[in-house]
Amino acid sequence: MRSLVLLSSLVLMVGCTVSAAAPLPAADFDPSPAAKGPQTAVFAGGCFWGVEAVFRHVKGVSSAVSGYAGGSVKNPSYEMVSSGMTGHAESVQVTYDPAVVSYGQLLRVFFSVAHDPTELNRQGPDVGTQYRSAIFFADADQQKVAQAYVKQLEAAKSFRQPIVTQIAPLATFYPAEAYHQNYLALHPNQPYIVYNDLPKLDALKREFPTIYAAK
């Protein structure tokens, strides 16, 4: 992923776009969580820089942390995960207030603008299982909502290609190194960010104006 930053601007022309056939519907099944107070959700959708930035700009989200989930190695480093040998996916842990934004709404944002759920083990220019599309659920309620939403999107033929998003239980989330956190805001002019990630924020503001938070 980061090696792309060192290439010429011509190579950046292979950036990704979400392949939805039309604006995605709201989740039909989206109950309030049984537990009260802040909740957490973990999503993987390719390079975590852009996914993190999207969720940082959603009302009701108090934090979005880039990290690693879904692997077998404890306390993995970025270099280890980038090798593709640990089984982890670059992920983002989202802490949110369900009284302001629901898990179903976060899923809709995730599938609509944060990444392309039809790309298998890659996302745009980034290739490997560490860039896979995945939802790591924290409990049975999140699992049910995620599975129901994927089925809803499939039934509606919302995407031109099959959805390949993995839905798996969250074992452990490991925060990434400090230099990865809030990367887009700190490096807004980096070519990779300009081409691959800033358009995601534009799409969030355009498609979800009522929950977009300018920061």
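Helices here are DSSP runs of H or I of at least four residues, strands are E runs of at least two, and both are numbered from the N terminus.

This is a predicted model, where local features need pLDDT of at least 70, side-chain atom pairs count only at pLDDT 80 or more, and totals for chains, interfaces and linings use all residues. Residues are numbered from 1 along each chain as its sequence is written, and side-chain values use heavy atoms, without hydrogens and water.

Now colour Gln142, Val145, Ala146, Tyr149, Val150, Gln152 and Leu153, which are buried (under 20% relative accessible area). Why do they sit on the same side of H4? They cover an arc of only 160° around the axis, taking directions from the axis to the C-beta atoms. An α-helix has 3.6 residues a turn, so residues three or four places apart point the same way.

Show what these buried residues pack against: strands E1 (39–45), E3 (89–96), E6 (133–137) and E7 (166–169), plus helix H3 (103–114). Contact here means heavy atoms within 4.5 Å.

**The ends of H4**

Go to the start of H4. A side-chain oxygen of Asp139 comes within 3.1 Å of the backbone nitrogen of Asp141. Just after H4, click Lys157; its phi is positive, about 50°.

H4 (residues 140–155) has 16 residues, which should span 22 Å at 1.5 Å a residue, and its end C-alpha atoms are 22 Å apart, so the two agree. The expected span is 1.5 Å times one less than the number of residues.

**The sheet**

Select the six strands of the open, mixed sheet, in the order E7-E6-E1-E3-E2-E8. Two strands pair if DSSP finds at least two bridges between them. The edge strands are E7 and E8 (174–175), each pairing on one side only.

Zoom in on E2 (residues 61–69) and E8, which pair antiparallel over two bridges. Gly67 has Pro175 in E8 as its bridge partner.

Bring back the helices. H3 lies across E1, E2, E3 and E6, at about 20° to E1. H4 packs on the sheet, touching E1, E3, E6 and E7, and its direction makes about 150° with that of E6.

**Last stop: Gln123**

Find Gln123 in strand E4 (residues 122–123). Is Gln123 buried or exposed? Gln123 counts as buried because its relative accessibility is 3%. Its side chain reaches the backbone nitrogen of Asp116 at 2.4 Å.

How values were computed:
Buried means under 20% relative accessible area, exposed over 50%, partly exposed in between (1.4 Å probe, protein chains only). A polar contact is a pair of N or O atoms within 3.5 Å; within protein, one must be able to donate a hydrogen and the other to accept it, and residues adjacent in sequence count only if both atoms are side-chain atoms. Axes are lines fitted to C-alpha atoms, for helices over the stretch in contact, and angles run from 0 to 180 degrees between N-to-C directions.
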